[in-house]
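Here's a quick briefing to read with the sequence and the 3D view open. Take it one topic at a time and look up each residue as you go.

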Amino acid sequence: MKVLLLMAIAAVTALCFADSPFACNRAALTAQARRRHFDELSPALRARKKSVRELRDGFEFEFPPDTATFQLVSEWVAGERLCCPFFDIDLNVEREGGSLWLRLTGREGVKQFIKADFASWKL
């Protein structure tokens with residue numbers, strides 16, 4: 001009986017910690033949040049993007065360090081982490097007025113997902 005219980009606990013634990021699929025879960029956002037994220041924030045960030053650095057496991061996007069851009073990037077990150085939970089997302093603001101960097105990385109396959117899903121970002 002104890003063995004069966006331990007096996008059941010192990011199976012449930014494995015399911016709880018299973019990696020999410022490489023697919024944007026748009027349902028994780030309300031209709032209003034989806035419109036804001038995909039129709040307003042994403043195009044605004046694409047327009048402000050200064051450069052892209054390819055990394056071993058993802059990409060880094062450079063933005064100007066002004067307050068308005070920082071707020072847009074931060075809001076975009078808040079939505080992106082809900083619809084794409086498989087990303088590791090980092091923001092780096094360089095000292096002395098340097099650039100704002102958005103880093104998207106993750107496990108095996110994330111880089112390929114970014115290449116496909118972010119094609120309009122001209123990687």
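Val73 is buried, with a relative accessible area of 0% (buried means under 20% relative accessible area, exposed over 50%, and partly exposed in between, using a 1.4 Å probe and protein chains only). You'll find Val73 in helix 3 (helices are DSSP runs of H or I with at least four residues, strands are runs of E with at least two, and both are numbered from the N terminus). Keep in mind that this is a predicted model, where local features need pLDDT of at least 70, side-chain atom pairs count only at pLDDT 80 or more, and totals for chains, interfaces and linings use all residues. Residues are numbered from 1 along each chain as its sequence is written, and side-chain values use heavy atoms, with hydrogens and water left out.

**Around Val73**

- Not counting residues up to four places away in sequence, Val73 touches Leu45, Phe63, Leu91, Leu100 and Leu102 (contact means heavy atoms within 4.5 Å).
- Val73 and Trp101 are 28 residues apart along the chain, and their C-alpha atoms are separated by 9.4 Å.

**Thr69, also in helix 3**

- Thr69 is found in helix 3 too, and with a relative accessible area of 0%, Thr69 is buried.
- If you skip the neighbours within four places in sequence, Thr69 is in contact with Arg48, Phe63, Pro64 and Leu100.

**The whole chain**

- The protein chain has 4 helices and 4 strands, and reading along the sequence gives you the pattern α-α-β-β-α-β-β-α.
- The chain has 123 residues, and buried residues make up 31% of them.
- Take the contacts in the chain with a separation of 6 or more: residues 24 or more positions apart account for 62% of them.

**How helix 2 meets helix 3**

- Two packed helices are described by the angle between their axes and the distance between the axes.
- Here, the axes of helix 2 (residues 31-48) and helix 3 (residues 67-83) come within 10 Å and cross at roughly 135° (axes are lines fitted to C-alpha atoms, for helices over the stretch in contact, and angles run from 0 to 180 degrees between N-to-C directions).
- Helix 2 and helix 3 are therefore oblique to each other (angles under 35 degrees count as roughly parallel, over 145 as roughly antiparallel, 65 to 115 as roughly perpendicular, and the rest as oblique).
- The crossing of helix 2 and helix 3 is left-handed (the near helix is turned anticlockwise from the far one by less than a right angle; clockwise would be right-handed).
- On the helix 2 side, the residues that meet helix 3 include Arg36, Phe38, Leu41 and Leu45, and the helix 3 side includes Ala68, Thr69, Val73 and Trp76.
- The residues of this contact divide into 9 nonpolar, 4 polar and 4 charged (Ala, Val, Leu, Ile, Met, Phe, Trp, Tyr, Cys and Pro count as nonpolar, Asp, Glu, Lys and Arg as charged, and the others, Gly among them, as polar).

**The largest nonpolar core**

- This core has 23 residues, and Phe61, Phe63, Trp76, Phe87, Leu102, Leu104 and Phe118 touch the most other members (a nonpolar core is a set of buried Ala, Val, Leu, Ile, Met, Phe, Trp, Tyr and Cys residues joined through side-chain atoms within 4.5 Å).
- The elements giving two or more residues to this core are helix 2, strand 2 (58-63), helix 3, strand 4 (100-106) and helix 4 (110-117).
- Helix 3 gives the most to this core, with 5 residues.
- Not counting residues up to four places away in sequence, Phe87 touches Glu80, Leu104, Thr105, Val110, Phe113, Ile114 and Phe118.

**Residues with some exposure**

- Leu82 sits in helix 3 and, at 42% relative accessibility, counts as partly exposed.
- Beyond four places in sequence, Leu82 touches Ala28 and Leu29.
- Arg53 lies in strand 1 (residues 51-55) and is partly exposed, with a relative accessible area of 38%.
- Glu96 is in the loop between strand 3 (87-93) and strand 4, and is exposed, with a relative accessible area of 79%.
- Glu96 has a positive phi of about 55°, although it is not a glycine.
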